[in-house]
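Reader: I have a structure open and would like to talk it through with you. Could we start with what is meant by strand pairing, and then move on to the sheets and the ligands?
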Amino acid sequence: MATVKFDNATRIYPGNDKPSVDKLNIDIQDGEFLVLVGPSGCGKSTSLRMLAGLEEVNGGKIWIGDRDVTDLSPKDRDVAMVFQNYALYPHMSVADNMGFALKIAGTDKGEIRKRVEEAAKILDLTQYLDRKPKALSGGQRQRVAMGRAIVRSPQVFLMDEPLSNLDAKLRVQTRTQIASLQRRLGVTTVYVTHDQVEAMTMGDRIALLKDGLLQQCATPREMYDRPANLFVAGFIGSPAMNLVSVPVTEGGVKFGNHTLQVARGDVAGAGSEVIVGVRPEDVEVTTNPDGLELVIDVVEELGADAYIYGTPTDSKIAIEGSGDDALAKPFIARVDGRRVPTKGDKVYVYPKAEHLHVFNKSTGERLS
Amino acid sequence: MALEITSSRADPALLDLPWRTPLEEWPEDILAALPRGISRHVVRFVRLDDKIVAVKEIKADIAAREYAMLRNLRRLEMPSVEPYAVVAGREAADGTPLDACLITRHLQFSLPYRALYSQNLRKGTAVRLIDALAVLLVRLHLAGFWWGDVSLSNTLFRRDAGAFAAYLVDAETGELRERLSDGQREHDLDIARVNIAGELMDLEAGGLLQEDRDPIVVSERIVERYRDLWDALTGSESINAGERWRVDERIRALNKLGFDVDELAMTTDIGGTTITIQPKVVDSGHHSRRLLRLTGIDVRENQARRLLNDLLAYTAAHDRQADDEEIVAHDWVDQVYLPFVRAIPADLRAKLEPAEVFHEVLEHRWYMAERAQHDFSITDALADYLASVLPTKPDERSVVGVDTVEMPVVAD
Ligand SMILES: Nc1ncnc2c1ncn2[C@@H]1O[C@H](COP(=O)(O)OP(=O)(O)OP(=O)(O)O)[C@@H](O)[C@H]1O
Ligand SMILES: Nc1ncnc2c1ncn2[C@@H]1O[C@H](COP(=O)(O)OP(=O)(O)OP(=O)(O)O)[C@@H](O)[C@H]1O
Ligand SMILES: [Mg+2]
Ligand SMILES: [Mg+2]
């Protein structure tokens, strides 16, 4: 087991003028499950591959435990890439399917059997060890493949979108399995996905990248409650956080005709407008003329709750997309399922004071 | 939803296939029962007009990616299967969406390794397959292709004058780069070794490994062969300024390995006493290109070597060393090669390709001569071979009927 450290790690691909991963700094704890997440092209895979030894590091260093592995070949790093299209061999028993790679490495028979049995116990495959893979269900086969990586007992597991070619049902099932398995094994794991839901449900911590730059590295809770900038605010959470540009006034900021208290120091120097963020579940919805006036376009019933999607009646006010997607979006609020307004209604909305996020309009940085 | 067909040529016959049916349930009468390697996806061979295609059911984005990758590999002249089409937007009769299909042309006369092992093999086949795979891997790496899933199952083999030539069949995990880092090459090699050992252990467990060979030892050979070839093709060497002939020697050594040197870097040290040479661009197919240029015959590397040797013998026997090479080659084609090919009866042509028959007949002639202690003409050797050897061979144009396996990973 080991810690992992990205220490100003930088990768510039030949022919590119700008780094694909730029001075990445992450300290991963021993036994931690770290998820690298971000939109396509943000540098997740490149970061993982630098750690695996598959991509040259052009600047900075990479550490596993107290070893500088920056220039080591993949084999010498003691990391395992999990699920790279593991084949199952039809004539071999489940035990041999899990253990054969150790045989190649010269591990002795007794030790192989021991490790295979341990892995089988964790994977709930003990009773199938002597069967052939044909006799297993799809999910069990998937676990045998995991077993192949586990028996190697590497210092770090690396996974790059391991679920991408599974169907939706097996994906959710396997996601849970991987997360709980990782916790039982306690092996440091770095996992790449573009799916923020996957990241939020699996990671101890999440590192969110954009254009090769680390935006924030924190627990899912922290990312959700205190996004460091507009990009993080827009990326994490589904439905996404509402982001609205509002004027700064005496004693706070003005959200429609509702004044939100914001400490003067927080918005000092941020200009005359800031971006206020509020998650759909933190919106106060009222019929009193207090807040931002919306016309409801769509109502989505979910049983206990409902989501309303509205457009500000003041056409000068636009709901901002996250950094990537600047198209105007509807304002989304979650409401009690027993008191749902109807399509076409006018309502007023404003953020609950304790769940307010304020961002600098020009830099995107969090202010509150 | 409408079917979306991506294909470089519009082939209306594609529309007649039962796209609303899951591939696993396609009717027997349109399928061709050819052997396959181990795979996680459902793969079937289908007759389409006069050709056979392989159909693989796979997620639409992965199908599109693999199709594009195979096209890139063909453009780079890498030996791989030929992509034919992607069919997406499939729907069952009841409206449930079905995965897309990637369609590739069945590689004629190709043999999956499992089929090779189920035949009665000459000794040393395992080793020859590994050697062919090593050449393929070096070529792919030189072209900047990182495979990610090197295995015997993902490779097809064609006979090549007693040896084998390897073709890539599964490009799903591959990536094309400007050039590969050492780490990427090492990773591919490591994957190759583990997969090959696993595949051979599987044959052993199934009682199909006819040779008494240790799978681990055989799997280590890929690493050795790869390294030797890589070093020979890319290594730099220092020579004394007075030994320029060694530059020629290096080039000739590479030709012997079947590679042409298109670009060679030469640097001298400050005093000019030593020269460092390093091949920069090498291109495989030295002999097959030469034969193609001289005769228009397009065959694999070792077959070409064999035919070129015969051409050389013909030139000597007719005392024509002084004549223009291309004119002699033309006469050799007219007087030796074409009559030879025409003499193979039509009903035996699906057994082996003509160039492979040529190689076998030359071998056969040697055995005949050894036994009789005198020479035979190629015409006599061919007659004997056609009467006694070729009819006993299985058809290899599209090999039929060996065990194949799928291990689908799906929810249940
Ligand atoms: N071999 C390469 N040569 C040049 N540029 C590359 C190469 N590989 C990746 N890039 C570029 O580096 C950036 C980061 O790519 P990377 O694959 O790490 O992103 P990613 O976050 O994993 O994206 P995805 O989710 O699409 O896989 C992208 O802009 C990409 O175009
Ligand atoms: N064009 C072709 N010509 C001949 N054989 C083919 C062709 N395409 C596929 N095959 C056979 O089908 C088998 C499976 O194909 P392929 O490897 O593409 O499937 P896969 O499910 O992606 O495999 P994997 O499990 O390695 O990802 C191959 O091993 C090969 O024997
Ligand atoms: Mg395959
Ligand atoms: Mg594949």
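Author: Two strands are said to pair if DSSP finds at least two bridges between them. Please keep in mind throughout that this is a predicted model.

Reader: Fine. What is the bridge partner of A:Ala306 in E19(A)?
Author: A:Ala306 has A:Val335 as its bridge partner in E19(A). The two strands concerned are E17 of chain A, which covers residues 305-312, and E19(A), and they pair in the antiparallel sense over six bridges.

Reader: And in what order do the five strands of that open sheet in chain A come?
Author: The order is E15-E20-E16-E17-E19, with antiparallel pairing, and the sheet is open. Strand E15 (283-286) and strand E19 (331-336) of chain A stand at the edges with a single partner strand each, so one side of each is left without a neighbour in the sheet. On average, and ignoring direction, neighbouring strands of this sheet are turned by 45° against each other.

Reader: How many bridges join E16(A) to E17(A)?
Author: Seven bridges join these two strands, E16(A) and E17(A), which run antiparallel, and one example is A:Glu300, whose bridge partner in E17(A) is A:Tyr307. The hairpin of E16(A) and E17(A) has three residues between the strands, and within that hairpin A:Gly303 takes a positive phi near 95°.

Reader: What about E16 and E20, how do those pair?
Author: Strand E16 (residues 292-301) and strand E20 (residues 346-351), both of chain A, pair in the antiparallel sense over four bridges, and A:Leu294 stands opposite A:Val347 in E20(A).

Reader: Now the six-strand sheet in chain A: is its pairing parallel, antiparallel or mixed?
Author: The pairing there is mixed, and the six strands form an open sheet in the order E6-E7-E8-E3-E9-E10. Its edge strands are E6 (79-81) and E10 (213-218) of chain A, each of which pairs on one side only. Neighbouring strands in this sheet are turned by 20° against each other on average, with direction ignored. At the E10 end, strand E9 (residues 205-210) of chain A pairs with E10(A) in the antiparallel sense over five bridges, and A:Ala207 stands opposite A:Cys217 in E10(A).

Reader: Switching to the ligands: where does ligand 1 lie?
Author: Ligand 1 lies between chains A and B. The residues that surround ligand 1 include A:Tyr13, A:Asn16, A:Pro39, A:Lys44 and, from the other chain, B:Arg177. By class, the shell around ligand 1 has three nonpolar, seven polar and two charged residues.

Reader: Which polar atoms come up to the oxygen atoms of ligand 1?
Author: Among them is a polar side-chain atom of A:Thr46, which lies 2.4 Å from an oxygen atom of ligand 1. A polar side-chain atom of A:Ser20 lies 2.7 Å from an oxygen atom of ligand 1, while a polar backbone atom of A:Gly41 is 2.8 Å from an oxygen atom of the ligand. Of the 630 Å² of accessible area that ligand 1 has on its own, the protein covers 63%.

Reader: And why is the site of ligand 2 shared between chains?
Author: Residues from both chain A and chain B surround ligand 2, so the site is shared between them. There are 22 surrounding residues, and the closest are B:Arg40, B:His41, B:Lys56, B:Arg105 and B:Ser153.

Reader: Which side chains and backbone atoms contact ligand 2?
Author: Among them, an N or O atom in the side chain of B:Lys56 is 2.6 Å from an oxygen atom of ligand 2, and an N or O atom in the side chain of B:Asp170 is 2.9 Å from an oxygen atom of ligand 2. From the backbone, an N or O atom of B:Leu107 lies 3.3 Å from a nitrogen atom of ligand 2. Taken alone, ligand 2 exposes 620 Å², and the protein buries 96% of that.

Key:
Residues are numbered from 1 along each chain as its sequence is written. Chains are lettered from A and ligands numbered from 1 in the order in which they are written. This is a predicted model: local features need pLDDT of at least 70, side-chain atom pairs count only at pLDDT 80 or more; totals for chains, interfaces and linings use all residues. Side-chain values use heavy atoms; hydrogens and water are left out. A residue is near a molecule or strand if one of its heavy atoms lies within 4 Å of it. A polar contact is a pair of N or O atoms within 3.5 Å; within protein, one must be able to donate a hydrogen and the other to accept it, and residues adjacent in sequence count only if both atoms are side-chain atoms. Accessible areas come from the Shrake-Rupley method with a 1.4 Å probe; for residues, only the protein chains shown count as cover. Ala, Val, Leu, Ile, Met, Phe, Trp, Tyr, Cys and Pro count as nonpolar, Asp, Glu, Lys and Arg as charged, and the others, Gly among them, as polar. Axes are lines fitted to C-alpha atoms, for helices over the stretch in contact, and angles run from 0 to 180 degrees between N-to-C directions.
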